[in-house]
Amino acid sequence: MRDMSGVLGLLSPKRISVLYLLVAIVVAFGLMTPDLFLSEITFQSVARSQAVVGILALAVLVPFIAGEFDISVGANLALGVILVAWMSNEHPGFGAPLMCLIAVSVCTLVGLLNGILVGKVGINSFIATLATSQVLVAIALKLSNNEQVVASLPQGFMDLGQGQTLGVPNGLFVTLALGVLVWYVLQYTKVGRHLFASGFNREAARLSGVRTQRVVIGSFIVSGAIAGLAGVVFIAQVGTFSTTIGTPFLFPAFAAVFLGATQFNQRPNVWGTLLAIFTLALGVQGLQLTLSESGFWITPMFNGLALIAAVIFTRRQAVRKATQIEDTTDSGASPLPVPAVASVASEPEREVLDR
Amino acid sequence: MTVTVTPEGELVLSLRGVTKSFGAQLALDSVDLDIRSGEIHAVVGQNGCGKSTLVKLLAGYHGPDAVGEAVVAGESFELGSLTAANQAGLRFVHQDLGLIEDLSVAENFFMESDGGWAKPISKGDERSRTAKAVKDFGYDIDPRALVGSLSAAQRTAVAIVRALRGEKPPSLLILDEPTASLPGPDAQLLFDALRRLTRAGGSVLFISHHLDEVMGLADTVTVLRDGRKVATASTRDLSHDRLVELMLGRALTPRAQSDVPSAKVESGLVPRLTARDAHGGGLNGVDLDAHPGEVLGIAGLTGSGRESIAGAIAGQTHHSGTVAIDGRTIRPADPAHSLAHGLAYAPAERRRDALLSTATLRENLTIADIRSISRRGRVSRRLERKDAQMWMEKLDVRPPMQERIIDQFSGGNQQKVVLGRLLRTNPKVLVLDEPTQGVDVGAKATIHDLILGAASAGAAVIVCSTDVEELVQVATRVLVLRRGRLGAELTGHDLTVERIEEEQLLAAGGRPTNETADRASQKDVTSHA
């Protein structure tokens with residue numbers, strides 16, 4: 001397709017609709033509340049708060065490409081946070097780097113567990129990770145004693161997490177670096193090809209020599225590790241564990257992956273996902289600033305509606321494509337359903353788009 | 001059995017001059033059919049002879065072009081109407097059985113509720129009625145068991161009993177190839193139950209291509225060929241060979257007694273692929289060897305094991321037996337391992353098992369071998385595009401657009417890409433299951449050229465196909481499977497369309513000469529039963 005339409009195709013609204021939406025949001029809210037919305041504080045706070053969501057979305061993205069859902073990433077993030085917070089109080093001698101390493105390792109093991117449940121035992125990934133997420137929530141509650149836990153981390157670590165470089169919050173650098181890494185693996189390595197192939201058609205991939213079971217288990221391990229990293233970035237930014245963290249990040253992360261999958265090459269991808277996250281966040285921010293009352297309810301509302309709108313938009317694209325294909329098949333008046341004819345004709349030729 | 005079949009028994013179904021065409025193709029040409037009460041009447045014929053069209057007309061799925069007369073149980077009957085078929089008491093069991101595997105036997109029985117949606121359902125009542133009906137048919141099946149947990153034979157029985165139940169007793173039970181997947185003893189149990197049914201006055205129309213079953217079960221056979229009725233005869237007056245001759249429309253080729261089938265060990269050559277003792281999926285102990293440079297064809301009717309042997313060799317499915325390439329045993333059910341050792345496989349179900357439907361042609365082509373387009377672990381887009389371009393030319397893919405989604409190509413081009421995907425790996429053994437199914441003529445020729453090219457480049461190619469002409473065109477040697485075993489090996493002068501068709505239809509184990517005796521003794525047993 002790209003062969004034909006070239007650059008124009010790349011700019012067509014259906015491939016970068018979120019980018020257009022982003023521009024529309026910036027222009028609209030910029031006109032309505034220029035001094036509030038177009039301020040550095042707005043962009044700073046969005047970038048800071050969404051850095052963690054962006055990392056978590058990448059944790060969702062990797063198994064999603066292989067055709068699996070990991071909905072335990074929110075709880076896994078919370079586990080990473082409480083582990084660091086708990087260690088900083090109970091074992092302050094570990095030092096921040098070791099604590100982070102331990103937290104990420106434990107979260108990676110959780111990913112391995114998910115991978116085994118899905119890839120080896122064969123449980124539906126939605127069910128398996130829903131179940132493990134509850135176990136993780138329980139562990140986090142136990143470690144925190146159902147209370148807010150303030151981490152006692154070294155000041156240097158907190159400065160790093162809360163600081164900024166060249167006007168950009170440090171957390172965002174982690175998101176972008178990880179994004180580049182995941183993008184490279186997906187785009188330029190055999191592993192990336194195998195991930196996509198496993199998601200497109202598991203059996204076809206397996207028969208083409210892809211070790212699909214390993215791919216699935218591996219994708220959950222990576223997902224767990226990235227969720228742990230998101231937890232580390234979170235505690236570095238906030239310094240506190242509270243019992244409500246984790247789950248609120250889950251929906252924006254998934255919504256961004258779904259939305260992102262409608263962008264660019266119209267399959268799950270890194271930059272579409274990250275673009276969707278910041279677009280949604282700016283939209284929410286803009287609405288909250290515009291409304292004079294407190295807009296605590298705006299985030300879920302905006303995220304939910306945006307996701308539905310995006311999915312409907314892409315479905316209409318798909319339907320239009322399908323009807324175009326149907327038009328080119330034989331238009332000869334055949335009152336009989338196709339399978340009936342096919343069973344009689346010795347070699348059915350009911351191929352779509354024969355040229 | 002002769003007791004119940006009175007020659008002048010009352011006619012249950014009588015058709016005269018039934019004609020049906022699809023476009024230019026005449027599927028049924030003025031066919032007559034008489035089925036008497038209390039008989040099991042088989043309709044046989046090769047693929048495309050019109051037997052399935054006949055069933056579909058009776059079921060009301062198609063309307064006929066012309067019909068002279070249609071009478072069911074003495075009353076005129078509107079052929080081609082679903083309601084008429086229902087009211088006349090025609091009951092159908094189709095090959096797929098139409099059962100829901102996740103529901104219990106009783107739930108499958110009472111799918112259409114008798115009393116409307118609001119009437120409360122008594123599970124206990126449903127179960128006891130189901131259990132009784134199944135028991136009356138001669139089977140002992142727990143009505144609470146999920147259909148998915150039953151054996152193939154039990155499922156078939158459940159489907160038949162369900163078809164038989166109803167307010168009115170059925171006038172005719174129509175079985176459309178119900179035993180395509182039943183192993184011998186199970187089929188026998190089912191046949192015994194059917195005989196009890198006819199002895200009680202029921203009538204059965206039985207569609208099958210397993211001639212030994214037809215000879216063992218049916219009282220009367222009607223042979224269709226190219227949409228015409230060729231003969232109706234009592235099975236007592238027919239031999240298996242004679243039946244085959246009627247179906248094919250010519251005399252059988254005389255065979256030397258000595259050509260015992262053996263696919264093993266050819267004079268001194270080391271086989272590239274050896275498969276030993278393949279069991280499972282309808283296979284009942286098949287050995288085969290394939291040599292470098294040869295195209296080995298595998299033929300067989302549906303149910304003979306032909307449809308599962310390719311997947312068994314290539315490790316798509318679990319099966320018992322061993323497969324070795326150049327003497328090295330391949331890990332079973334591990335396609336990645338097989339591919340790494342040079343065995344490439346194209347499954348029959350292209351859409352389900354081979355295509356990455358929403359990926360591009362390029363990605364479909366390169367997936368089995370990413371390494372050759374990578375440099376230091378990085379996939380090079382430039383190399384990949386060049387490689388894809390080269391293969392599109394070699395495969396003659398039209399239009400040659402590598403970034404296009406594979407779904408938007410014709411079946412022929414898709415199949416060429418699947419073949420190209422395998423050929424890119426330089427396979428030592430190429431296993432192709434139905435390589436040209438649903439493919440246009442031009443693509444078929446290209447695919448045949450590619451198969452021959454791979455063989456002349458030194459690969460051992462195995463082609464499993466229902467297309468007998470295709471096997472004769474590309475294969476140097478053809479194995480014919482019957483009932484999960486090797487039935488015949490054809491090479492040289494014997495490798496003809498006619499011979500393959502005959503061999504497919506022959507009785508499972510026995511030589512043609514013993515056939516009549518076999519059948520006589522079988523009949524003997526059944527009349528005592």
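This is a predicted model: local features need pLDDT of at least 70, side-chain atom pairs count only at pLDDT 80 or more; totals for chains, interfaces and linings use all residues.
Phe241(A) and Leu153(A) are the residues with the most contacts inside the largest nonpolar core, which has 92 residues. Helix α4 of chain A, residues 40-65, gives the largest share of this core, with 15 residues.

Leu109(A), Leu112(A), Ile116(A), Val121(A), Ile123(A), Phe126(A), Ile127(A) and Leu130(A) make a nonpolar surface patch of about 690 Å². Two helices of chain A, α6 (96-120) and α7 (125-144), each supply at least two residues of this patch.

Ile127(A) is one of the patch residues and is found in helix α7 of chain A. Its relative accessible area is 52%, so Ile127(A) is exposed, the cut-off being over 50%.

## Salt bridges

Over all chains the count comes to 37 salt bridges. In one of them, Lys132(B) is joined to Asp136(B), with the closest N and O atoms 3.0 Å apart. These two residues are separated by about one helical turn because they are 4 residues apart in helix α4 of chain B, residues 123-136. Both Lys132(B) and Asp136(B) are exposed.

Another salt bridge links the side chains of Arg385(B) and Glu403(B), at 3.8 Å from N to O. Arg385(B) lies in helix α13 of chain B (residues 381-395) and Glu403(B) in the loop between α13 and α14 (411-423), so the pair ties together parts that are 18 residues apart in sequence. Arg385(B) counts as partly exposed, at 37% relative accessibility, whereas Glu403(B) is buried, with a relative accessible area of 18%.

Glu503(B) and Arg482(B) also form a salt bridge, their closest N and O atoms being 3.0 Å apart. Glu503(B) belongs to helix α17 (residues 497-505) of chain B and Arg482(B) to strand β21 (residues 477-482) of chain B, so this pair ties together parts that are 21 residues apart in sequence. Glu503(B) counts as buried at 2% relative accessibility, and Arg482(B) counts as buried at 4%.

Salt bridges that share partners join Arg193(A), Arg362(B), Arg381(B), Glu384(B), Arg385(B) and Glu403(B) into one network.

## Strand β19 of chain B

Strand β19 of chain B covers residues 429-433 and is mostly covered, with 5 of its 5 residues buried. Val429(B), Val431(B) and Asp433(B) point one way from β19(B), while Leu430(B) and Leu432(B) point the other way. In a regular strand, side chains alternate between the two faces of the sheet.

Which strands pair with β19(B)? Strand β16 of chain B, residues 343-346, pairs with β19(B) in the parallel sense over 4 bridges. Strand β20 of chain B, residues 460-464, also runs parallel to β19(B) and is joined to it by 5 bridges. Leu432(B) has a bridge partner in each of these strands: Ala346(B) and, in β20(B), Val463(B).

Methods:
Residues are numbered from 1 along each chain as its sequence is written. Chains are lettered from A and ligands numbered from 1 in the order in which they are written. Side-chain values use heavy atoms; hydrogens and water are left out. A nonpolar core is a set of buried Ala, Val, Leu, Ile, Met, Phe, Trp, Tyr and Cys residues joined through side-chain atoms within 4.5 Å. Buried means under 20% relative accessible area, exposed over 50%, partly exposed in between (1.4 Å probe, protein chains only). Patches are made of residues with over 30% relative accessible area and no salt bridge: like charges are joined within 9 Å, nonpolar side chains (Val, Leu, Ile, Met, Phe, Trp, Tyr) within 5 Å. Accessible areas come from the Shrake-Rupley method with a 1.4 Å probe; for residues, only the protein chains shown count as cover. A salt bridge is a side-chain nitrogen of Lys or Arg within 4 Å of a carboxyl oxygen of Asp or Glu. Two strands pair if DSSP finds at least two bridges between them.
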